[in-house]
Amino acid sequence: MPAFEYKALTTSGKLKKGFLEGDSEKQIRQMLRDQGLVPTEIEPLSKAPKAGLEGSRSLFVSPIKTADLSLFTRELYTLLDAGTPLNEALKSMAQQAESKQMRRFVTSLHTKVAEGHGLASALSQAPFTVPTDVIATIQAGEESGYLDKVLSRLAESIEQRDQLNKKMKTALIYPILMVVVAVVIVFFLMMYVVPKVVKVFDNMQQTLPPLTQGLLSFSDFIQHQWGWLLFMGVAVWGLFIWLMRQPKGRYKVHQMLLNTPGISRFLIYSSAARWARTLGVLLSSGVAIQDALKIAAEVVTLEPLKTAVVKMVSDVREGESVAKSMQVAGFFPPLLLNLVRTGEGKGQLDTMLLKGAKHYEFSVETAANTLVSVLEPILIIVMGAVVLTVVLAIMMPIFEMNQMVGN
C-alpha cells in the first residue's frame with residue numbers, strides 16, 4: 001500500500017505533519033477528515049527519482065547521512081536477529097524515527113517491502129540516495145538468505161566509515177578555525193584599530209619607519225578596496241567549485257594534493273582503508289569479485305586513485321590476481337599488498353582485507369593527530385608573527401617620539 005506524506009490543520013489552526021498509508025490521495029484526505037483534520041498538502045513518497053545499483057543519482061536527491069545509515073542498519077539487524085519479520089521491523093522503525101528525513105526514508109522502504117519488493121530494491125527506489133555498496137551488500141544477503149548476518153557486517157562497516165569521517169573532520173576543524181580567527185583579527189586591526197592610530201602620527205614632524213608606512217598603506221588599501229577583495233574572494237571560491245565539477249580540473253587538484261608532503265600519506269591511507277573495508281564486506285557477503293571491485297571503486301573519491309582502482313577491474317577480468325592488480329595501481333601501502341597476497345593464497349581474501357582496513361583506519365587516526373600536532377605550532381607562530389608585526393609597526397613611531405621629547 002503506498003505511503004503519503006501529509007500536512008494538515010487541526011481545529012485550533014495548528015499545522016500537523018505525518019505519514020499515512022492508503023490506496024490513493026483521495027483516501028488519505030478522507031482519513032484526515034475523519035480525524036478532524038483539514039488536509040493542506042499530500043505528497044506520495046514514491047515519486048522520487050530512482051537510484052539503481054549502478055549508482056546513478058539525481059542532483060536533486062539528497063543522500064542519507066552516514067551516521068543515520070549506520071543507526072538504521074544496526075537497528076534493523078537487531079530486530080531481524082530477534083526474529084522480527086522485515087516488514088514489521090521497518091514499520092516499527094518508521095514509527096520511532098526521530099528525524100523527518102529518516103521517518104520518510106524508512107516509511108518508503110516499508111511501503112515497497114509491503115508491496116513485495118526486496119529490501120535492496122526498496123533502497124534503490126528510496127526518496128534519498130543510498131551508497132551503491134550498501135545496496136549491493138544487502139542484495140547479496142537477500143539472495144544468500146543470510147540478510148541478518150550481512151546486516152551485522154554492514155553495520156560495523158558503516159560505523160567504521162562514520163568514525164573515520166568524524167576523525168578526519170575533527171582533525172581539520174582546529175587548523176581551519178585558527179586560520180579564520182587570524183584573518184578576522186587582521187581584518188579588524190586594519191579596518192578599525194590602525195586608522196585610529198594614524199591620527200596620532202598625523203602631527204608628528206618626523207619620517208615614519210618603513211614598517212609603519214607599509215602597515216598604513218596596507219590598512220588604507222583594505223579600507224578602500226575591501227569590496228573588491230570580497231568580490232574576488234567569492235569569485236575565486238566560485239571558480240574553485242566550478243573547477244572541482246570538471247573531471248580534468250578535479251583530477252589536477254586531487255593530483256596536487258597527493259603530491260603534497262604530509263598530506264599525501266594521510267589521503268592514501270584513508271582511501272586504502274575505505275576501499276579495503278568496502279571490498280572485504282562485499283566479498284564476505286557473497287558478491288562476485290569483479291562486481292565487488294567495481295562497486296568498491298565508487299568509495300574512492302580522489303580521481304587519480306579512482307582511475308587506478310577502476311583499471312583493476314579490467315585487470316582482474318583478464319586473469320590477474322587482486323594483489324598483482326593492486327601492485328600495478330601503485331598507491332596501495334606494502335602491508336595491505338602483503339595481506340591481500342596472503343589472503344588470496346589461503347582463500348581468505350575478505351578476512352585479510354578487513355584486517356588491513358582496520359590497521360589503516362588506525363593509521364589514518366594517527367596521521368590525523370600528527371598532522372594537527374604539526375600544524376598547531378606553525379599556525380600559532382604565524383599568528384604571533386602577524387600580531388607582532390602590527391604591534392611593532394604601531395609602537396616604533398611612539399618610541400621614536402618619546403626619544404625626541406627626552407632629547
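## A look inside a helical model

Helices here are DSSP runs of H or I with at least four residues, numbered from the N terminus. This is a predicted model, so local features need pLDDT of at least 70 and side-chain atom pairs count only at pLDDT 80 or more, while totals for chains, interfaces and linings use all residues. Residues are numbered from 1 along each chain as its sequence is written, and side-chain values use heavy atoms, with hydrogens and water left out.

Is His110 buried or exposed? His110 counts as buried because its relative accessibility is 7%; buried means under 20% relative accessible area, exposed over 50%, and partly exposed in between, using a 1.4 Å probe and protein chains only. Thr73, in helix H2 (residues 66-81), is also buried, because its relative accessibility is 2%.

Both have polar partners. A polar contact is a pair of N or O atoms within 3.5 Å; within protein, one must be able to donate a hydrogen and the other to accept it, and residues adjacent in sequence count only if both atoms are side-chain atoms.

| Residue | Partner | Distance |
|---|---|---|
| His110 side chain | Asn87 side chain | 3.1 Å |

Leaving out residues up to four places away in sequence, Thr73 touches Leu151, Leu154, Ala155 and Ile158. Contact here means heavy atoms within 4.5 Å.

### The nonpolar cores

A nonpolar core is a set of buried Ala, Val, Leu, Ile, Met, Phe, Trp, Tyr and Cys residues joined through side-chain atoms within 4.5 Å. The largest one has 48 residues, and those touching the most other members are Trp275, Leu279, Met326, Phe332, Leu336, Val340 and Leu353. Helices that each supply at least two residues include H6 (132-144), H7 (147-202) and H15 (349-406). Which helix gives the most to this core? That's H10, with 11 residues.

Take Leu279: beyond its neighbours within four places in sequence, Leu279 is in contact with Ala292, Leu293, Ala296 and Leu353. There is also a second, separate core of 32 residues, including Leu69 and Val134.

### Helix H12

H12 has 15 residues and spans 22 Å from first C-alpha to last, close to the expected 21 Å; that expected span is 1.5 Å times one less than the number of residues. Among its buried residues are Leu305, Ala308, Met312 and Asp315. Their cover includes helix H9 (247-258), H10, H11 and H13. After H12 comes Gly319, with a positive phi near 115 degrees.
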